[in-house]
Amino acid sequence: MTAQNPWRPTRRRLADTLNAALVPVAACGLALGGLTTWVTAGQAGSPPRITVSPGRVLLPYGDTTQTAAFFDIANTGDADDRLLRVTSAETGGDIELSRHLMTGEAAASRETVTTVSVPARGELSMSPQDVDVVLRSRSGWRAGDLVAFTLHFEHSGTVETLALVVRPGG
């Protein structure tokens, strides 16, 4: 009986093995180089950067305690963010985000919204004609008072700010 020949590397086997290993290594190197260039050139973007200007809250009039607050929110980052909710220990109850919709020439309705988008490199300016914060005031508020609010964002966390109590139309 003849002994079997042990496996011997041939030139072709070595070339095939080298090519099989070289292709994924070269692809990874090329991808890493491209990503490094992209980040170094400043094209990778940045997370949302939220700033909130001091807001204003309308002094309720008549027998109602329901009123609205408005904030200007800027996002200087390269990614969108979302305002999830607004809280305050200085109000008299539930606070919700709402959007006003025109339903006719002189009629409008209000709908509660769960979140509000703050676009990358953009602003959200709350107003009575668009998005606002609906809340119940505490008794004793006067024009000129300051009310503390916390705005909760999806990516940026919480931002604390103040709102000045103002007379409607003032």
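Biologist: Is R99 buried or exposed, or does R99 count as something in between?

Modeller: This is a predicted model, in which local features need pLDDT of at least 70, side-chain atom pairs count only at pLDDT 80 or more, and totals for chains, interfaces and linings use all residues. Residues are numbered from 1 along each chain as its sequence is written, and side-chain values use heavy atoms, with hydrogens and water left out. Buried means under 20% relative accessible area, exposed over 50% and partly exposed in between, with a 1.4 Å probe and protein chains only. R99 has a relative accessibility of 26%, so R99 counts as partly exposed.

Biologist: In which strand is the place of R99?

Modeller: Helices (H or I, at least four residues) and strands (E, at least two) are DSSP runs, numbered from the N terminus. By that numbering, the strand that holds R99 covers residues 96-102 and is β6.

Biologist: Which residue in β10 is the bridge partner of R99?

Modeller: Two strands pair if DSSP finds at least two bridges between them. β6 and strand β10 (residues 131-136) run antiparallel and are joined by 4 bridges. Within β10, the bridge partner of R99 is V131.

Biologist: With which residue does the side chain of R99 make a polar contact of 3.3 Å?

Modeller: Contact means heavy atoms within 4.5 Å, and, not counting residues up to four places away in sequence, R99 touches S109, R110, E111, V113, D130 and V131. A polar contact is a pair of N or O atoms within 3.5 Å; within protein, one must be able to donate a hydrogen and the other to accept it, and residues adjacent in sequence count only if both atoms are side-chain atoms. The side chain that R99 meets in this way, at 3.3 Å, is that of D130.

Biologist: How many residues lie between β6 and β7 in their hairpin?

Modeller: β6 also runs antiparallel to strand β7 (residues 108-113), with 6 bridges joining them. In this pairing M102 stands opposite A108 of β7. The two strands form a hairpin, and the number of residues between them is 5.

Biologist: Which residue does the side chain of T115 meet in a polar contact of 2.7 Å?

Modeller: T115 lies in the loop between β7 and β8, and T115 is partly exposed because its relative accessible area is 23%. Leaving aside residues up to four places away in sequence, T115 touches R82, L83, L84 and L97. The side chain that makes the 2.7 Å polar contact with the side chain of T115 belongs to R82.

Biologist: Why is the pair of F71 and F149 edge-to-face?

Modeller: Rings of Phe, Tyr and Trp (its six-membered ring) pair if their centres lie within 6.5 Å; planes under 30 degrees apart count as stacked, over 60 as edge-to-face and the rest as tilted. A search of the whole structure finds 1 aromatic pair. The ring centres of F71 and F149 are 5.3 Å apart, and the pair is edge-to-face because the planes stand at 75°.

Biologist: How far apart in sequence are the parts that the pair of F71 and F149 ties together?

Modeller: F71 is buried, with a relative accessible area of 0%, and F149 counts as buried at 2% relative accessibility. F71 lies in the loop between β3 (66-70) and β4 (72-75) and F149 in strand β11 (residues 146-153), so the separation in sequence of the parts tied together is 78 residues.

Biologist: Which strand has 4 of its 5 residues buried?

Modeller: The strand in question pairs with β10 in the antiparallel sense over 4 bridges, and 2 bridges join it to β2, again with an antiparallel run. With 4 of its 5 residues buried, this strand is largely enclosed by the rest of the structure, so the name asked for is β3.

Biologist: What is phi of R121, a residue other than glycine?

Modeller: R121 has its place in the loop between β8 (116-118) and β9 (122-125), and R121 is exposed, with a relative accessible area of 60%. Most residues other than glycine have a negative phi. For R121, phi has a positive value, near 50°.
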